Amino acid sequence: MKIPAFTLPAPLARLGAHLPQLPPTLALVGGLNLALDRVLPRDTLEPLTGKRLLLKVTDAGMALRFTLTPRGFRPLFDGRAPDLTISATTRDYLALALREEDPDTLFFSRRLLMEGETDLGLLVKNTLDAVDWDSLGTQLARFRLPLPTGLHTPAGGH
Amino acid sequence: MTSPRPIELVCPAGSLPALKTAIDHGADCVYLGFKDATNARNFSGLNFDDKAMAEGVRYAHDRGRKVLLTLNTYPQTDNWQRWTGAVDRAAAFGIDAVILADPGLMAYARKAHPGLRLHLSVQGSATSYDAINFYHEHFGISRAVLPRVLSLAQVEQVIANTPVEIEVFGFGGLCVMVEGRCALSAYATGESPNCDGACSPGKHVRWEQTPKGMETRLNGILIDRFADGERAGYPTLCKGRFEVNDETYYAIEEPTSLNTLELLPELARIGVRAIKIEGRQRSPAYVSQVTQVWRAAIDRVLAGPAEPFRVEPAWMAELNKVSEGQSHTLGAYYRPWK
């Protein structure tokens with residue numbers, strides 16, 4: 001699958017900014033917690049503990065604030081300055097998740113912005129890149145976690 | 001040990017998925033590093049721990065491909081054991097060759113692991129056949145990676161005068177090409193790529209969107225500001241814009257990518273043994289895209305005169321898409337006056 005180029009209509013961003021951010025944040029945090037220890041190595045991500053992370057989905061007007069605690073990822077409810085902010089559109093986040101785009105490529109073309117503690121951002125990016133979906137496929141099946149479409153490749157795939 | 005292919009495609013792997021992607025798309029060799037300052041891409045979360053290294057080597061060897069380990073930074077007296085330990089680990093993992101820059105480390109590897117194949121890193125900055133032959137005679141290096149400063153005619157002259165295999169960079173980000181000797185980032189951060197393994201260590205880099213544009217700072221020093229829509233480059237000092245005599249411009253070098261696709265038949269003719277793709281810091285998506293293009297191009301060259309070589313526009317489009325900066329260049333290779 002190749003994700004086509006798209007940007008959500010501008011009114012949606014204006015509307016999204018006024019909607020409660022908690023439901024999408026809870027969805028994100030819930031997904032991350034399912035992945036923690038199974039897909040995402042907790043010891044590698046340890047430097048994120050207590051750091052204020054902000055994921056901006058620019059064309060949806062979403063600003064998802066969360067942090068990593070010893071008990072897993074948790075949403076944050078206040079607007080205090082984040083330690084790391086990552087901004088991109090819905091389409092580009094999807095393309096990154098499906099490994100169709102390289103973050104540096106998006107950065108060069110100004111579609112991905114990383115502000116704050118760059119080292120944390122590199123840690124996140126490189127930890128996600130190091131997830132070996134091919135090997136994890138069987139383990140995930142055991143936990144009944146669906147693989148995102150496009151990540152589940154046939155044997156011998158890539 | 002030696003590949004039957006006349007030209008090997010050497011692809012970067014910053015992670016196990018990148019390694020698998022490179023191999024699945026036709027890399028003859030992958031190069032990678034341990035998770036520390038023993039290699040020149042020392043970034044948080046990047047590179048291979050023992051588990052990933054063991055699986056990566058197995059994956060490559062099961063498919064008849066080679067794994068090269070970059071050990072191309074310079075150890076100091078207080079951390080010498082970490083680097084020699086890395087040589088020992090490489091040998092234990094069954095790595096096909098280690099890519100070294102430090103002569104002391106070469107002497108150690110030769111003595112401790114006589115069967116371990118040695119490549120001279122670009123960080124060794126050897127540009128003449130005299131220098132390369134010196135490393136061959138004293139340490140038995142089998143291959144040298146040439147710095148990106150020589151014209152094609154000069155590369156040809158080196159190849160004609162050395163028994164050492166020659167590997168050249170084919171594609172990827174360019175720097176000011178004083179590999180192994182660049183202290184620019186040490187000036188700003190106190191850390192050099194040669195000893196600490198990164199031109200711009202992540203902890204010193206800050207990007208910020210401001211009303212004037214996106215600003216890049218290295219240890220607080222403003223090194224560039226990008227207007228909306230303007231393509232960005234890596235946050236290194238050599239690629240910054242600076243005010244010189246009341247003019248602000250890329251005073252050292254404009255961010256650009258090397259792309260030698262069109263020179264491939266010439267590189268094959270003069271006997272280049274391997275083409276290296278830059279980018280261990282990049283993601284599996286990049287490795288996939290670039291490896292596919294270069295595999296197709298090299299296969300076209302190897303097919304011989306039956307299938308005349310021409311650069312497909314789609315290849316260039318794919319490579320331009322992932323390139324750093326506004327443009328690509330043939331670098332020093334193309335000097336028609338030489």
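User: Which residue stands opposite L53(A) in β4(A)?

Analyst: In this predicted model, L53(A) stands opposite L84(A).

User: Why are β3 and β5 of chain A said to stand at the edges?

Analyst: The open sheet of chain A has 5 strands in the order β3-β2-β1-β4-β5, with mixed pairing. β3 (72-75) and β5 (113-116) each have a single partner strand, so one side of each lacks a neighbour in the sheet. On average, neighbouring strands of this sheet are turned by 25° against each other, direction ignored.

User: What makes residues of chain A and chain B count as being in contact, and how many are there?

Analyst: The C-beta atoms of two residues must lie within 7 Å. By that criterion, 26 residues of chain A are in contact with 34 residues of chain B. On the side of chain A that touches chain B, α6(A) gives the most, with 7 residues. The residues of that side divide into 8 nonpolar, 7 polar and 11 charged.

User: How do you know that domain 1 and domain 2 of chain B touch?

Analyst: Chain B is divided into domain 1 (8-176 + 256-333) and domain 2 (202-252). Their centres are separated by 29 Å, taken over C-alpha atoms. Contact is judged between residues, with C-beta atoms within 7 Å, and 8 residues of domain 1 are in contact with 6 residues of domain 2.

Notes. Residues numbered from 1 in each chain as written. Chains lettered and ligands numbered in written order. Predicted model: local features only at pLDDT ≥ 70, side-chain atom pairs only at ≥ 80, totals over all residues. Pairing = 2+ DSSP bridges. Helix = DSSP H or I, 4+ residues; strand = E, 2+ residues; numbered from the N terminus. Axes fitted to C-alpha atoms, helices over the stretch in contact; angles between N-to-C directions. Nonpolar A, V, L, I, M, F, W, Y, C, P; charged D, E, K, R; others polar. Domains from an automatic or database assignment.
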